[in-house]
Amino acid sequence: MMLGLFGSGKTTQIGKLSHYLMKRGMSVGVIAADMMRPAAYEQLEQLSKQVGCSFYGRKGAKSTDVVREGLQKLKNDIIIIDTSGRDALDDELIKELKEIDEIAKPDEKILVMSADIGQIAKKQAEEFNNAIGLTGVIITKMDGSGKGGGALTACGVAGVKILFIGVGEKIDDIEEFKPEKFVGRLLGVPDFEALMEKIKAVAPEGIEEVPEELNIETFYKQLKAARKMGPLKGIFETMGMVNVPKEVIEQGEQKMDIYEAIINSMTKAERKNPDLIRKQPSRIDRISKGSGVPPAVIKEFISQFEKMKKIYERLQKNKGMQKNLMKMFKGKGLGF
Ligand SMILES: Nc1nc2c(ncn2[C@@H]2O[C@H](COP(=O)(O)OP(=O)(O)OP(=O)(O)O)[C@@H](O)[C@H]2O)c(=O)[nH]1
Ligand SMILES: [Mg+2]
């Protein structure tokens with residue numbers, strides 16, 4: 001069940017989410033239970049045609065009846081209900097959402113908020129949470145607002161979980177929210193995990209599977225494969241991230257150059273086990289001479305690599321997007 005105020009992006013995210021889930025092998029049905037917005041029916045019907053998911057709606061009916069009927073008719077793995085918005089969370093909206101909640105008993109009650117409300121997201125999330133009980137949040141319009149960071153941190157303070165972010169109006173413009181990834185991006189560290197996913201998607205042959213264990217050797221292979229795909233800018237763009245600032249891209253490119261130089265000067269043993277370098281600082285001097293990279297930067301690389309490895313291992317533990325999603329949709333959260 002998706003809920004939220006007028007224009008927050010509920011209906012659009014339902015289209016995106018359906019597409020996202022279907023790409024991962026699930027069958028999806030959507031129910032048009034927004035009786036408030038003129039043409040909400042048509043908007044959702046159109047989106048369902050676009051993504052190829054099932055659709056149920058009945059114009060002029062009561063939202064509760066539509067939900068009841070839709071749940072009977074649709075036989076999909078996942079059913080998403082579009083609900084009415086309002087200017088504010090008033091008694092009428094609370095009553096309507098509670099009735100739908102009663103009937104559908106949804107596994108997920110997801111509040112959709114637009115990033116441009118900034119810090120107000122805290123109050124809004126709390127209000128909806130108190131009234132209906134939320135299982136998660138989607139922040140939309142992260143592409144267009146300077147206040148996106150505020151909205152994200154506000155959700156953290158409100159204690160609600162951000163599941164996805166909307167990053168544009170197109171059907172692909174949704175990203176699973178991974179705090180580690182986001183922080184990395186803010187710090188200007190290239191998003192290697194996304195890169196690896198991308199590499200696998202566009203070049204499944206000739207490139208190794210994403211490695212079980214990430215060590216500098218396997219990382220290096222991924223890095224080289226990524227570079228073969230061309231400049232970072234294009235790679236980000238094909239991931240739908242068109243608004244990555246130029247400085248971030250340039251920094252990313254530079255970092256990739258530096259990483260490559262460093263790794264080129266490391267021995268095989270060091271690549272397998274970077275701890276060797278930490279234990280014997282003389283190795284850093286050797287790598288520094290070989291690569292022309294100052295020792296401090298090499299140390300930083302090693303420590304960044306260790307951090308990345310931890311994140312990677314955590315992600316590997318949660319292996320399988322499908323499993324993750326099923327868990328999420330059973331209300332257990334993503335386990336981060
Ligand atoms: N830039 C941007 N625009 C978005 C995003 N998500 C939705 N929109 C746009 O926001 C507008 C409102 O989206 P809807 O999905 O209709 O919003 P809603 O919450 O269903 O609105 P009501 O049905 O009126 O309550 C549309 O023009 C969407 O294209 C996003 O992530 N980024
Ligand atoms: Mg809508």
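Visitor: What percentage of the 336 residues in the protein chain is buried?
Guide: This is a predicted model, where local features need pLDDT of at least 70, side-chain atom pairs count only at pLDDT 80 or more, and totals for chains, interfaces and linings use all residues. Residues are numbered from 1 along each chain as written, chains are lettered from A and ligands numbered from 1 in written order, and side-chain values use heavy atoms, without hydrogens and water. Buried means under 20% relative accessible area, with a 1.4 Å probe and protein chains only. Of the 336 residues, the buried share is 51%.

Visitor: How many helices and strands does the protein chain have?
Guide: Both are DSSP runs, numbered from the N terminus: helices are H or I with at least four residues, strands are E with at least two. The count for the protein chain is 16 helices and eight strands.

Visitor: Which residues have the most contacts inside the largest nonpolar core?
Guide: A nonpolar core is a set of buried Ala, Val, Leu, Ile, Met, Phe, Trp, Tyr and Cys residues joined through side-chain atoms within 4.5 Å. The largest one has 39 residues. Elements supplying at least two residues each include β5 (110-114), β6 (136-140) and β7 (162-166). Those with the most contacts inside the core are Leu3, Leu111, Met113, Phe128, Ile139 and Ile165.

Visitor: What is Met113 in contact with, beyond its neighbours within four places in sequence?
Guide: Contact means heavy atoms within 4.5 Å. With those neighbours set aside, the partners of Met113 are Ser8, Ala121, Gln124, Ala125, Val137, Ile138, Ile139, Thr140 and Cys155.

Visitor: Which residue in β7 does Val137 stand opposite?
Guide: Two strands pair if DSSP finds at least two bridges between them. Three bridges join β6 to β7, and the two run parallel. β7 is mostly covered, with five of its five residues buried. Opposite Val137 stands Ile162.

Visitor: Which element gives the largest share of the lining of the second largest cavity?
Guide: On a 1 Å grid over the protein atoms alone, a cavity is a set of points where a 1.4 Å probe fits but cannot get out; lining residues have an atom within 4 Å of a point. Grid points are joined across faces, edges and corners, and a volume is the space filled by probe spheres set on the points. The second largest cavity has a volume of about 30 Å³; α1 (10-23) and α2 (40-51) each give two or more residues to its lining. The largest share, four residues, comes from α2.

Terms used
1 Å grid on protein atoms, 1.4 Å probe; cavity = no way out; pocket = protein on both sides within 12 Å on 5 of 7 lines; lining within 4 Å. Buried < 20%, exposed > 50% of the residue type's maximum accessible area, 1.4 Å probe, protein only.
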